[in-house]
Amino acid sequence: MTELYEQQRAMRAMRKTAMQRGVIAILDIGTSKIGCLVLRFDGQEKMRETDGIGSLAGQSGFRVIGAATTRSRGVRFGEISAMQETERAIRTAVQAAQKMANLRVDHVIATFSGAGPRSYGVAGEVEVEGGSVTENDIARVMASCDVPDYGEGREVLHAQPVNFALDHRSGLSDPRGQVGKRLAVDMHLLTVDADTIRNVAYCIKRCDLELAGLASSSYTAGLSSLVEDEQELGAACIDMGGGATGVSIFMKKHMIFADSVRLGGDHVTSDISKGLQVPLAIAERIKTFYGGVVATGMDDREMIEIGGDSGDWEKDRRRVSRAELIGIMRPRVEEILEEVRARLDAAGFDHLPSQQIVLTGGASQIPGLDGLAPRILGQQVRIGRPLRVQGLPQAATGAAFASAVGLSLFAACPQDEWWDFDIPAERYPSKSLRWAVKWFKDNW
Amino acid sequence: MQQIGADQYARPEPPMTRKPKKAKRDPAPSRWAYRVHRMWLTPFYRSMLRVGLPTFLILTAAGWYISNPTNRFAIAEKAAEIRNSVESRPEFTVKLMAIDGATPVVDAAIREMVPVDFPVSSFDLDLEGMQQTIAALDVIERVSVRVRPGGVLQVDVAEREPAIIWRTGGNIDLLDRTGHRVASLTERQVRADLPLIAGQGANEAVGEALALITASGPIAPRLRGLVRVGERRWDLVLDRDQRIMLPEIAPVEALEQVLALDEAQDLLDRDITHIDMRNPGRPTLRMAEQAVEELRRIRSLDRGEAGQ
């Protein structure tokens, strides 16, 4: 635990230096594309006098100065499967983004969707020392959480305090300075496979970049796609990516659950490829141009040239109706949504007061999904696009960039995590100076 | 021509054949290309390559060129040639010298002192030096030397005006009002119109001397000159070897006193050799030898009469 703590703190320190330097890169390692944004931080925008809140909800402290995407290689289900290939793809994206920004970036924050995220809700409780709650008390209460046995070979990716309770009052977001006796905390712990993290870190290191942070793409997609009141009242964000579909539930502006389904748009493509006997590239093209999930009478008459370069005239001149294509795509999309539904049910989403669901990610752009999704997920479904951030090129404003944009928001105003607080003295591995100071404070 | 073999009976190539797919170029930059690009984006390397390296190359090339003495010589020669071609242009040629405000003698002297071979380039003229040389002449009070448009070396001269003649030892000098030497004279008679002073240090007090000469208006025809005595006071010398010895302080007033006495009692017409005004409160007279004897004779007559 301490090792992880040190690691995460090191990353946080790196992020701070990057912020001071003013330039940081965002890397979204996806299954179908790898996106890289270069952010420049100009410091907080000056508050205008007429208006209480700055533009873009105060999130305009940064500006995207470089953006590039490249077709992803060597990534399956949101996890790196071929290191060399992924490294090359990352290099391509980073170089293009650097070229656009005309600036060298050294620090990068990465996000990935796979690695089997698992959510844990943990709670801790502690007696407040000396009247009012101090930062040290918060550190202690977080340290007092009973960490579940999340298994060998897994690492904590996020550990965010979502709720503080002081005596009988709950729902505090920041209890510092308040007077009370017992301080309790609810913490959300997200663990992922350690190997995946290691692979990502290795790839980024091979590209001469410093890893300054990691985030789960389900989380970052939620940050960018859910509007503020949805985050406050409770909503689920479903990030339908290429190889994995991320699910995250937000409540009171905190993520309280995250999961990922190892199904995505690439499976729809491979279904089309298999069903129509065409190569994957053509299947992808057919999907994006003619795809859909709700068939109408018109679709029976709309014939699609499949094309191909097999050399066999008969094979290359085949035509299918759009209805057939929809007939191939729809079951797979339904399967994905049902899987998501199952995860939401397992998380107890139906007990939340608000049942808002936001679909985002590249695969959410299938026409007709807004008709299909409510049948499976419930009535309050909308297709979401990420927040507009300053300087983002038009090509990168689509739903496919939800997690990249969310990651830049995460970089600009990160959520407090467990490792942002100092380890309380009694948890320190050795009797350090801090321990001595505490002893003096207590006894003198 | 065609070889007969199995190929003859082989199926001909179909007219539309699939071209073998070329391996797509890898869009990813190689590790080194990536590193070089990143290095190029680093401001330090960028400025080094864009500014530092060209500067270094230019300086090195220039240094190498200059280090060769032949090249250095060629550069100097070329520079001199360019300079010469500019200097020798007709716009900069000076053709003659014009001297204003000088008497013919001085004019000739200046032309002799500052010999210039006309025509000459104005760059070659040392105007400062010429001015100093000309100003070193005693007769010159001020001089300005400049090159006038039209290629004329203009020398404007103001000459000192001789106000007095000073005789020391064997020399006779002309002095101006301030006591500065103007020129030498061979004979006093050449400038009979000017008053004469003599004695060591007389040139230091020319102003006083002139004031005395002005004040001695009524006896001007008789005035022969002024003599500086002991470098501190004046003697007024008249004809018939008469002298008026003036005090060091306020000599003009003393002279006026003497003139007033002369007016009233014809003092100077009498047989007196010196009128000593060195103590103005007690003027003293020295009479001539003959006059003294005459006086004694007259007195003895008086006494004799009185005694007889």
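How many bridges join strand β6 (residues 107-112) of chain A to β11(A), and do the two run parallel or antiparallel? The first legend below takes this up, and the others move on to further close-ups of this predicted model.

**View 1. Strands β6 and β11 of chain A lie side by side in a parallel pair.** Six bridges join the two strands, β6(A) covering residues 107-112. To find your way, look for Thr111(A), whose bridge partner in β11(A) is Ala215(A). Strand β11(A) itself spans residues 210-216 and is mostly covered, with six of its seven residues buried.

**View 2. Strands β2 and β3 of chain A form an antiparallel pair.** Here nine bridges connect β2(A), residues 33-41, with β3(A). A handy landmark is Ile34(A), which has Thr70(A) as its bridge partner in β3(A). Strand β3(A) runs through residues 62-71 and is mostly covered: seven of its ten residues are buried.

**View 3. Five strands of chain A make an open sheet with mixed pairing.** Reading across the sheet, the order is β14-β13-β12-β17-β18. At the edges you will find β14 (254-261) and β18 (381-383) of chain A, each of which pairs on one side only. From one strand to the next, the twist averages 20 degrees. Helix α11 of chain A, residues 322-347, packs on this sheet and touches β12 (235-240), β13 and β14 of chain A. The direction of helix α11 makes about 140 degrees with that of β14(A). Within the sheet, strand β13(A), residues 245-251, is joined to β14(A) by seven bridges, and these two strands run antiparallel.

**View 4. Strands β6 and β9 of chain B meet in a parallel pair.** Three bridges join β6(B), residues 164-168, to β9(B), residues 196-198. Look for Trp166(B), which stands opposite Ile197(B) in β9(B).

**View 5. Asp100 of chain B sits in strand β2 of that chain.** This strand covers residues 96-100. Is Asp100(B) buried or exposed? Asp100(B) has 11 C-beta neighbours inside 10 Å, and therefore counts as exposed. Leaving aside residues up to four places away in sequence, Asp100(B) touches Asp156(B) and Val157(B). Another residue to look for is Val143(B): it is 43 residues from Asp100(B) along the chain, while 9.7 Å separates their C-alpha atoms.

**View 6. Chains A and B touch each other.** The contact takes 13 residues from chain A and ten residues from chain B. On the chain A side, helix α2 (residues 83-101) gives the most, with six residues. By class, the chain A side that touches chain B holds two nonpolar, six polar and five charged residues.

**View 7. Two helices, α2 of chain A and α2 of chain B, pack together where the chains meet.** Helix α2(B) covers residues 31-41, and the axes of the two helices lie 11 Å apart at an angle of about 25 degrees. The two are therefore roughly parallel to each other. Helix α2(A) passes α2(B) in a left-handed crossing. From α2(A), the contact uses Arg91(A), Gln95(A) and Gln98(A), while α2(B) brings Tyr34(B), His37(B), Arg38(B) and Leu41(B). Sorted by class, these residues are two nonpolar, three polar and two charged.

**View 8. A step back shows chain A as a whole.** Chain A has 14 helices and 18 strands. Of its 444 residues, 45% count as buried. Among the contacts in chain A with a separation of 6 or more, 72% come from residues 24 or more positions apart.

Technical notes
Residues numbered from 1 in each chain as written. Chains lettered and ligands numbered in written order. Predicted model: local features only at pLDDT ≥ 70, side-chain atom pairs only at ≥ 80, totals over all residues. Contact = placed C-beta atoms within 7 Å. Helix = DSSP H or I, 4+ residues; strand = E, 2+ residues; numbered from the N terminus. Nonpolar A, V, L, I, M, F, W, Y, C, P; charged D, E, K, R; others polar. Axes fitted to C-alpha atoms, helices over the stretch in contact; angles between N-to-C directions. Parallel < 35°, antiparallel > 145°, perpendicular 65-115°, else oblique. Left-handed = near helix turned anticlockwise from the far one by under 90°. Buried ≥ 20, exposed ≤ 12 C-beta atoms within 10 Å, placed from the backbone. Pairing = 2+ DSSP bridges.
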